[in-house]
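User: I have a structure open and would like to talk it through. Could we start with a term I will need for the side chains?

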Amino acid sequence: MSLRKSILLTAFVFLAPLYGCADNKISENTDIAVSRDVFAMDTYMNMKVYGSDAEAALDEAEKRIYDLENELSATSETSDIWAINNADGKDVAVCADTSVLIKKAVEMGDITHGALDITVFPILKEWGFTTGEYHIPDETRLEALLSKVDYRSINIDGNNVSIPEDAKIDLGALAKGYTGDEIVDIFREHGIGSAIISLGGNVQAIGSKPDGSGWKVAVRDPYYPEKDMCVVEIKDRAVITSGNYERFFIGDNGNKYWHIIDPDDGRPADNGFVSVTVIGSNGLICDCLSTALFVAGRDKYDAITSEFNGYDYIFVTDDEKIIYTEGLADTFQNISSMTAEVITDD
């Protein structure tokens with residue numbers, strides 16, 4: 001996947017109650033938000049923080065975002081990922097962040113039975129999702145690229161990483177989730193107890209609103225992306241969505257093709273889900289799972305979710321139904337025309 005995984009917001013926080021200080025000046029009043037807008041990782045980001053040390057926390061968080069972008073971008077010639085992808089199979093010494101994320105990607109590849117595979121990047125590029133030059137790949141070309149797709153071929157020795165010659169990797173399915181977690185850590189170090197972070201649709205919350213109520217987050221309707229589908233309320237959790245409406249094109253044959261690639265066949269994953277939202281305490285895990293569960297689909301998702309206690313899910317199916325986990329029952333509000341029901345163990 002590309003770092004542009006979510007240019008179109010898949011979820012947003014209701015803004016009205018959050019804007020309290022139009023000029024973004026520091027205030028000793030911890031009930032007033034200090035806000036910061038950032039454009040990085042090819043998407044718009046916003047952070048709103050409540051606290052007397054908010055400005056310093058935002059300065060540090062913004063720097064961290066840019067540093068991670070420089071390390072993790074698959075398209076920047078100065079990044080670790082570019083170095084790995086252009087090393088002709090040789091070892092590359094990478095920074096700690098890159099090593100941590102690649103190790104996590106391999107681990108999640110195992111847990112998700114290959115549904116998450118960061119080596120699909122050449123196929124994503126072939127479809128045109130990284131360049132904007134969209135086209136349906138030739139079958140022979142697709143088969144050749146598929147022969148190089150296997151996350152298990154990644155070799156990691158400490159901070160040294162290598163991949164087979166002609167293989168390529170991309171951390172787009174992990175980077176923003178990891179970035180959100182890093183921002184949360186920075187804010188907590190500055191004594192921030194209330195904040196909301198939106199990284200191009202990846203939403204993460206620290207605590208609750210200053211008045212003690214939860215943060216209300218709306219999730220986009222995949223069938224009508226200009227509208228919202230549902231609202232959930234969170235405290236100290238992330239809400240991360242992957243959907244077939246984020247980046248797609250219509251082929252000459254009239255069919256829709258989207259950017260979430262199935263590693264099994266090199267084609268857009270079409271296994272029963274059109275949108276997957278994951279809600280949990282760890283943004284990196286949520287980011288990985290939103291992609292992996294979309295790929296796994298309706299027949300295989302429960303083999304993955306059973307490995308992650310404490311996480312909740314909202315699935316939108318290709319027959320226009322919403323199913324969601326019981327942990328959301330008290331706060332889930334359906335505002336779409338679709339039917340919504342709680343997933344049972346039956």
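Analyst: Let us start with burial: a residue counts as buried under 20% relative accessible area, as exposed over 50%, and as partly exposed in between. Please keep in mind that this is a predicted model.

User: Which residues are joined with R36 and D59 into one network?

Analyst: Salt bridges that share partners bring E55 and E62 together with R36 and D59 in one network. In total, the structure holds 15 salt bridges.

User: What about R267, which residue is its salt-bridge partner?

Analyst: R267 forms a salt bridge with E139, and their closest N and O atoms are 2.5 Å apart. Here the two residues are 128 positions apart in the chain, with R267 in the loop between strand 13 and strand 14 and E139 in helix 5. R267 is partly exposed at 29% relative accessible area, and E139 is partly exposed as well, at 40%.

User: Back to helix 1, how many residues does it have?

Analyst: Helix 1 covers residues 54-72, which is 19 residues, and it reaches 27 Å from its first C-alpha to its last, close to the 27 Å expected. Its buried residues include A54, A57, L58, A61, I65 and L68. An α-helix has 3.6 residues a turn, so residues three or four places apart point the same way.

User: What do the buried residues of helix 1 pack against?

Analyst: They pack against strand 2, strand 3, helix 2, helix 3 and helix 6.

User: New topic: what order do the strands of the open sheet have?

Analyst: This open sheet of 3 strands has the order 4-6-5, and the pairing is antiparallel. Strand 4 and strand 5 are the edge strands, each pairing on one side only. Strand 4 is joined to strand 6 by 2 bridges, and V92 has V161 in strand 6 as its bridge partner.

User: Last one, what is the radius of gyration of the chain?

Analyst: The chain has 20 Å, which agrees with a compact globule of 346 residues, because such a globule would have a radius of gyration near 20 Å. Buried residues make up 57% of the chain.

Key. Residues are numbered from 1 along each chain as its sequence is written. This is a predicted model: local features need pLDDT of at least 70, side-chain atom pairs count only at pLDDT 80 or more; totals for chains, interfaces and linings use all residues. Side-chain values use heavy atoms; hydrogens and water are left out. Two strands pair if DSSP finds at least two bridges between them. Helices (H or I, at least four residues) and strands (E, at least two) are DSSP runs, numbered from the N terminus. The expected span of a helix is 1.5 Å times one less than its number of residues. Buried means under 20% relative accessible area, exposed over 50%, partly exposed in between (1.4 Å probe, protein chains only). Contact means heavy atoms within 4.5 Å. The radius of gyration is taken over C-alpha atoms; the globule rule is 2.2 Å times the number of residues to the power 0.38. A salt bridge is a side-chain nitrogen of Lys or Arg within 4 Å of a carboxyl oxygen of Asp or Glu.
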